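Please open the model in a viewer and keep the selection panel at hand.

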Amino acid sequence: MRIGELARRSGTTTRALRYYEEQGLLASERTGNGYRDYNEACLVRVRQIRALLDAGFNSQTVAQLLPCASGSRPQLELCPNIVAAMQTTLQRIESNLETLSSHHAAVASFLEGESSSDSA
């Protein structure tokens, strides 16, 4: 299938598919006229990539996880290097949550101050 069809069937964009190829996450064959040609397995691969990116993994970590992925969802075989990559991502997410919580508290504080000054 061509890139447009894969994009449509996977619910992503052709730009994203080109990026995945650039990052080594997805591979295509080239036809005689230079068009990308994808097989059916690429549809599952794109769904795996999307699921892992949506979970918060960056493209480098996705590249590490893909060889251990099976199914569209995907299921991951948890070998030691995979667990380490997942723990690193989880720590980054937890740090981001702490930062967001701090931002939330600061904005809420400003709003509370605004409410107090309105009633004064």
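**The whole chain**

Among contacts in the protein chain between residues at least 6 apart in sequence, 43% join residues at least 24 apart; contact means heavy atoms within 4.5 Å. This is a predicted model, in which local features need pLDDT of at least 70 and side-chain atom pairs count only at pLDDT 80 or more, while totals for chains, interfaces and linings use all residues. Residues are numbered from 1 along each chain as its sequence is written, and side-chain values use heavy atoms, with hydrogens and water left out.

Display the chain as a cartoon. Its secondary structure comes to 5 helices and 4 strands, where helices (H or I, at least four residues) and strands (E, at least two) are DSSP runs numbered from the N terminus. Along the sequence the pattern reads α-α-β-β-α-α-β-β-α. The chain is more spread out than a compact globule, because its radius of gyration is 21 Å, well over the 14 Å that the globule rule gives for 120 residues. That radius is taken over C-alpha atoms, and the rule is 2.2 Å times the number of residues to the power 0.38. Along the principal axes, the C-alpha atoms fill a box of roughly 75 × 35 × 20 Å.

Of the 120 residues, 28% count as buried, that is, under 20% relative accessible area (1.4 Å probe, protein chains only).

**Thr-12**

Select Thr-12, which is found in the loop between helix 1 (3-10) and helix 2. At 16% relative accessibility, Thr-12 counts as buried. Which residues does Thr-12 touch, not counting residues up to four places away in sequence? They are Ala-7, Leu-17, Tyr-20, Val-46 and Arg-50. For Arg-50, 38 residues apart from Thr-12 along the chain, the separation of the C-alpha atoms is 8.5 Å.

**Ser-28**

With a relative accessible area of 18%, Ser-28 is buried. Not counting residues up to four places away in sequence, Ser-28 touches Glu-21, Arg-36, Asp-37 and Tyr-38. Show the side chains of Ser-28 and Glu-21: a polar contact of 3.1 Å joins them. A polar contact is a pair of N or O atoms within 3.5 Å; within protein, one must be able to donate a hydrogen and the other to accept it, and residues adjacent in sequence count only if both atoms are side-chain atoms.

**Thr-61 and Thr-89**

Select Thr-61 in helix 4 (residues 59-65) together with Thr-89 in helix 5 (residues 80-119). Are these two residues buried or exposed? Thr-61 counts as buried at 9% relative accessibility, and Thr-89 is buried as well, with a relative accessible area of 5%. Leaving aside residues up to four places away in sequence, Thr-61 touches Ala-85 and Thr-89. Under that exclusion of residues up to four places away in sequence, Thr-89 touches Gly-56, Phe-57 and Thr-61.

**Pro-74**

End at Pro-74, in the loop between strand 3 (69-70) and strand 4 (75-76). Most peptide bonds are trans. Which residues does a cis peptide bond join here? Arg-73 and Pro-74 are joined by one, with omega about -15 degrees.

Definitions and conventions. Buried means under 20% relative accessible area, exposed over 50%, partly exposed in between (1.4 Å probe, protein chains only).
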